[in-house]
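Student: I would like to learn how to read a protein model step by step. Could we go through one together?

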Amino acid sequence: MGHLNAHNFGFQIVPAPVAGTAVNVQINSLALLQLGMNLMVEISTASAFRQPPNPQPLKSMAVMAHLDTGASRTSIDQQLAIDLGLTQTGVGNSMTAAGQHTSPNYAIDLAFVGTNLKTIINLQVGSCKLPFDKTKHQANQSDPTNFGLLLGRDIMQLWHITWHGPTSSVYISD
């Protein structure tokens with residue numbers, strides 16, 4: 001299988017296992033096949049908006065994100081952006097299966113929870129209606145069907161991603 005370097009996608013095990021302990025972490029292959037690749041991210045008020053002279057308060061939320069190879073740009077659920085009090089930076093057009101869609105753009109800081117992947121600061125994102133439900137999220141933050149962010153190719157181009165079909169394994173490194 002090889003080894004993971006310091007910037008690979010990984011998992012945090014708390015408490016840490018004793019040195020020398022073999023650890024095997026698996027994602028249910030059926031879930032990966034049916035739902036695609038979903039991971040926990042933390043969306044925060046963009047650093048650019050937390051600077052003087054008029055700093056905004058830091059607001060953040062950890063939500064599930066879905067890797068969307070068909071999306072050129074990362075997009076946040078519109079209601080989630082409103083709930084986080086994100087500042088609109090403009091509007092943008094995107095092409096969806098339902099046709100062209102015009103929606104607000106936002107800037108966010110994006111961290112990848114439980115990994116060593118680099119945080120992305122002041123990321124410009126689009127917005128759209130996603131299946132994110134805040135009530136369901138409060139009951140189960142790691143529900144892979146309740147995602148609040150689509151990770152587009154703008155993020156994926158920063159990574160080396162290996163999707164090994166026969167074993168339904170995904171390896172991500174930056």
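## Reading the fold and its side-chain pairs

Tutor: Let us begin with the contacts of the chain: among those between residues at least 6 apart in sequence, 63% join residues at least 24 apart. Please keep in mind that this is a predicted model.

Student: How many helices and strands are there in the chain, and in what order do the elements run from the N terminus on?

Tutor: The chain has four helices and nine strands, and from the N terminus on they follow the order α-β-β-β-α-β-β-β-α-β-α-β-β. Of its 174 residues, 39% count as buried, while the accessible surface comes to about 10200 Å², of which 54% belongs to carbon and sulfur atoms.

Student: Which residues touch the most other members of the largest nonpolar core?

Tutor: The general idea is that, in soluble globular proteins, nonpolar side chains tend to be buried together. Here the largest nonpolar core has 29 residues, and those touching the most other members are Ile-43, Ile-76, Leu-110, Phe-112 and Leu-151. Several elements each supply at least two residues of this core, among them strands E1, E2 and E5 and helices H2 and H4. There is also a second, separate core of six residues, which includes Met-40, Cys-128, Leu-130 and Phe-147.

Student: With which residues is Phe-112 in contact, leaving aside its neighbours within four places in sequence?

Tutor: With those neighbours left aside, the contacts of Phe-112 are Leu-39, Met-40, Val-41, Leu-117, Lys-118, Ile-120, Leu-151, Ile-155 and Trp-159. Phe-112 itself is buried, with a relative accessible area of 4%, and Trp-159 is buried as well, at 10%.

Student: How many aromatic pairs does the count come to, and how is such a pair read?

Tutor: A pair of aromatic rings is described by the distance of the centres and the angle of the planes. The count here comes to one aromatic pair. Its rings belong to Phe-112 and Trp-159, whose centres are 5.1 Å apart and whose planes stand at 75°, so the pair is edge-to-face. Because Phe-112 lies in strand E5 and Trp-159 in the loop between helix H4 (153–156) and strand E8 (160–164), the pair ties together parts that are 47 residues apart in sequence.

Student: How many salt bridges does the structure hold, and which side chains meet in them?

Tutor: Side chains of opposite charge can pair when their charged atoms come close. The structure holds two salt bridges. In one, the side chains of Arg-50 and Asp-109 meet at 2.8 Å, N to O; this pair links distant parts of the chain, 59 residues apart, with Arg-50 in the loop between strands E1 and E2 and Asp-109 in strand E5. Arg-50 is partly exposed, with a relative accessible area of 27%, whereas Asp-109 is buried, at 6%.

In the other, the side chains of Asp-83 and Lys-134 meet at 4.0 Å, N to O, and this pair links helix H2 with helix H3, its two residues being 51 residues apart. Asp-83 is partly exposed at 33%, and Lys-134 is partly exposed at 36%.

Student: Is Ser-103 buried or exposed, and which backbone oxygen lies 2.7 Å from a polar atom of its side chain?

Tutor: Ser-103, whose place is in strand E5, is buried, because its relative accessible area of 5% falls under the 20% cut-off. The oxygen in question is that of Ser-127. Leaving aside neighbours within four places in sequence, Ser-103 is in contact with Gln-78, Gly-90, Val-91, Gly-92 and Ser-127.

Key
Residues numbered from 1 in each chain as written. Predicted model: local features only at pLDDT ≥ 70, side-chain atom pairs only at ≥ 80, totals over all residues. Heavy atoms only, no water. Buried < 20%, exposed > 50% of the residue type's maximum accessible area, 1.4 Å probe, protein only. Phe/Tyr/Trp six-rings, centres within 6.5 Å; stacked < 30°, edge-to-face > 60°. Core = buried A, V, L, I, M, F, W, Y, C linked by side-chain atoms within 4.5 Å. Contact = heavy atoms within 4.5 Å. Areas by Shrake-Rupley, 256 points an atom, 1.4 Å probe, with all protein chains shown as cover. Polar contact = N/O pair within 3.5 Å; in protein donor to acceptor, adjacent residues only side chain to side chain.
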